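Subject: Structure for your attention

Dear colleague,

Please find the structure below.

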Amino acid sequence: MGELWRRIVYLFNRRRLEAELEADMEFHREMAARAGQNNFGNVLRIREQAREAWGWTWLDDLVHDLRYGARILTRSPSFSVIIVLVLAIGIGVNVSAFSLFDMVALKPLPVRDPASLLRLERRSPNAYTSEMAYPSFAFYRDHARTLSATMAVLGVPPIQIDNDLQSTSASFATPNYFTELGTPAAYGRLLDPALDSSSASQPVVVLSYSLWQRRFDANPSVIGRTIHLNRKPVTVVGVTPYSFASLGGQGPDLWMPIAEQPYLIEGSKVLADWTNSSIRMWGRLGSGVTAKAAEQELRALTDQLRKQHAEAVWDNEFIQSTPGGHLQVFQPEMYRVAAMVGVLTLLILAVACANVGGLLLARGITREHEISIRVAIGASRSRIFRQLCTESILLAGLGALTGIALGCSVVHVAIVRLNAPKWLSATPDWRVVLFTIGVMFTSALFFGLAPALQIARQRQRRTTLRQVLLAAQVAASCVLLIASGLLVRATQHVLFNDPGFGYEGTISIDPQLGQHGYSESASKTYLNEMETRLRTVPGVRSVSLVRLPPMGHIVSRENREINGHKMMLYPNWVDPDYFQTMQIPLLLGRTFHPGEKHSVIVSQTFARWAWGDQNPLGQMIPGDDSKDIVVGVVGDAHVNALNDDDAIEGYWAVQSDNMPNMVVVARFAGPPSAVATGARSISESLDPRLFPEIRPLKQLYHDITLQIEQIAGIVSLIGMVAILLAGVGIIGLVGFSISQRTKEIAIRLALGSSKPRLCVALLKQFGPSIASGFAAGTLLAVFSSKFLRVALFGVSNLDPVGFAGGIGILFGVVLFAGILPARRAMRLNVARALHYE
Amino acid sequence: MLILRILQSEALHGYAIAQRIHVLSSEVLVVEEGLLYPTLQKMLVKGWVTAEWGISETNRKVRFYRLTPAGRSQLKAEIAGYGRMTQAIQSILRTA
């Protein structure tokens, strides 16, 4: 330690100590001269050796190299600016992608002790739900010793405030929610375990900051006022803070204590129903407890619960914990998407690096003179190599600085546009900075190492490396363009293809009977009446019942293995008119009889996978122990899996025990508002306590396709950036190699060579590398495109049009980028060029 | 080791160290300047010697190098090591 300290002292007092050393040696020389010896040797050399003992030579060299590098860069500013810009784009794209990932999955929530928060979900080997029943939650809450606290949130359909036309999003939370997160109230108070735990407490509501601003004109005197939610009086007690960080990124506008739920949603038995999975559960680890230990305890509790309430627990069920102190709880599928985006952005970086590498290599030729002088006066190869590497790192550093600025402004725009929670900011945190530094060094290594090696060995005239870099650029751009080609195709497919069901002129009406405690028979009466009356509304063509409406809140799916193929089965329970209402074609057989049992209708793809060319009618589903008989085959209609081409559907007839959970779908002609108003007034007269959720399917479908369009747009933008980079790089390389051959071109022209033939001759040398780039890129795309499956809606990942489109565009750009500088060379003034030489 | 030994009795400046070694070794050993100063710097960094200003016999301001306690223990260790080494060499020479 002492030695290190002394070294640092030496570093800071270098000037003085060097002067002292010099004085010492001067004195030594005087004395020696007096004694008649005169062989002191090279004073400077000895002083340098003595200085080396301090161990800071490398730092001196580094500073020297940096200064020299900066001088070189300012000498050709346009060249440096281009390199820095190219790198900034490559790094910036990666930084913005990483910061978004960081925000969603890595950044801890600004709440009390976010590291100990757990998201708890029900899992079993073949089932998964993010929600659980409230009584199960209460069981875990009361028995888990490893958790110091548990929180639950029950999301409910939007609620009407007073007489508003638009309803407002709402959630019920356990009263410890805010105290556990350490959230202070902006005004008034938030939920409090001491005041809001019992259903006998005075009904209260907490407003979100934005609702308070929007709906209540940011008036602080709203605290204590009574408002009506679904016509029930409730007292406003507080407002959440502006930058409130909620668990799981949920941001309803109304927060109410969970004990108040039966009051507001009259007749609801959700809080006592063991089979109604509807709350999201979070836990906080007790001090010193690991998540593993908590999971183990919960597993044991699940087994106990199975003994008491078998209906509440699946076979082999366990509670899975995931870190909950982030904006989003990351599911495995989301990691796949993140990895896909990561690969695409890294490809951009690869294009940028290959590009810069080529440019540096080309410039190495112009620096031949300088480098040979330095070698001649005694610089070692390794010294020159180090110098070149320092220059690369300098360039990469400038690129990274610009890139982080670029990336963060992109993120800023994204945050504002996406209406993200207010506590998020685009300012890079240490993870982003560390990532940027990592990317900077990696890219410096990629673009700088090979050229530096070649230049230091003074072999810059060799073209192999340049060709390899060119091929790499073309290959990476090829993959990117094919990816964007496929996504554009997928978007087109979604936009211009029939999704297999009629979403236009269809409306879903969810009266939420089950949530209001309707019995089977009461539900049946209500739904019958609703259907009959709806049919009389002008414009309504067809009405039917379905358990899981298209694009609904609940999606149910099962992993099935059919003839060795892993498929995702989307089951649904419908009444006989469903296919007609949703305009799903009946291809074979018949639809159900009302209430029919032991029969199933399957989708076309299902039938093809399961029975091939055989007649599916009368068969049983392979590997299914229900012994249900297929009575009909309908067209594919991925109503709840628009993006999953491998999805298969199975339909079963509605049974009377499904009744409380049924949703009405209606097909109509004319404006949806007329039907919606009609449905609302029917519901009003049937039961004024109910507030059915009415959703026009066209709007939902539009929202989903808009998302798809946005994704395709972003990927196309990335592809465009890649192609721009590749184009600039190729123009630069071709232009450079042609400028090296000016004399040859002039002589050829003077000797009467035809211009097009000369052009071809000049470009020929790039042929093999570009061709191999295309081949490698296409191959890579073929193998990697299956990762894109998640985002490809209805298009094969080997879609020939997508591939051809991507390759075609890239080929055009490459051709253009090659011919542009070549043509310019042809316009050369022969006489002057030859004279010049 | 020799430099450390020379500095054991008193603080000396660079030239004097070279002279002392030259004289004490009966003019057999000549310490090259190119070796002396880098070594002194190394010893300074290691903390075996410290340097302080003094006036030379020719009335010039020069730096005198002085042994530190760390330097003393280093010297002891080196002398012990050297002793072992010469004994070993001696015994080989005697038997061979």
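Two strands are taken to pair if DSSP finds at least two bridges between them; helices (H or I, at least four residues) and strands (E, at least two) are DSSP runs, numbered from the N terminus. This is a predicted model, in which local features need pLDDT of at least 70 and side-chain atom pairs count only at pLDDT 80 or more, while totals for chains, interfaces and linings use all residues. Residues are numbered from 1 along each chain as its sequence is written, and chains are lettered from A and ligands numbered from 1 in the order in which they are written.

In β21(A), the bridge partner of Val540(A) is Phe668(A). Strand β14 (residues 540–546) of chain A pairs with β21(A) in the antiparallel sense over 6 bridges. Strand β13 (residues 506–510) of chain A also pairs with β21(A) in the antiparallel sense, over 4 bridges, and Ile507(A) stands opposite Ala666(A).

Strand β21 (residues 663–668) of chain A has 6 of its 6 residues buried (20 or more other C-beta atoms within 10 Å of the residue's own, with C-beta atoms placed from the backbone). Val663(A), Val665(A) and Arg667(A) lie on one side, and Val664(A), Ala666(A) and Phe668(A) on the other.

Helices α17 (residues 520–535) and α20 (residues 672–686) of chain A pack at about 140 degrees, with their axes 10 Å apart (lines fitted to C-alpha atoms over the stretch in contact, with angles running from 0 to 180 degrees between N-to-C directions).

Yours sincerely

How values were computed
A residue is buried if 20 or more other C-beta atoms lie within 10 Å of its own, exposed if 12 or fewer, and partly exposed in between; C-beta atoms are placed from the backbone.
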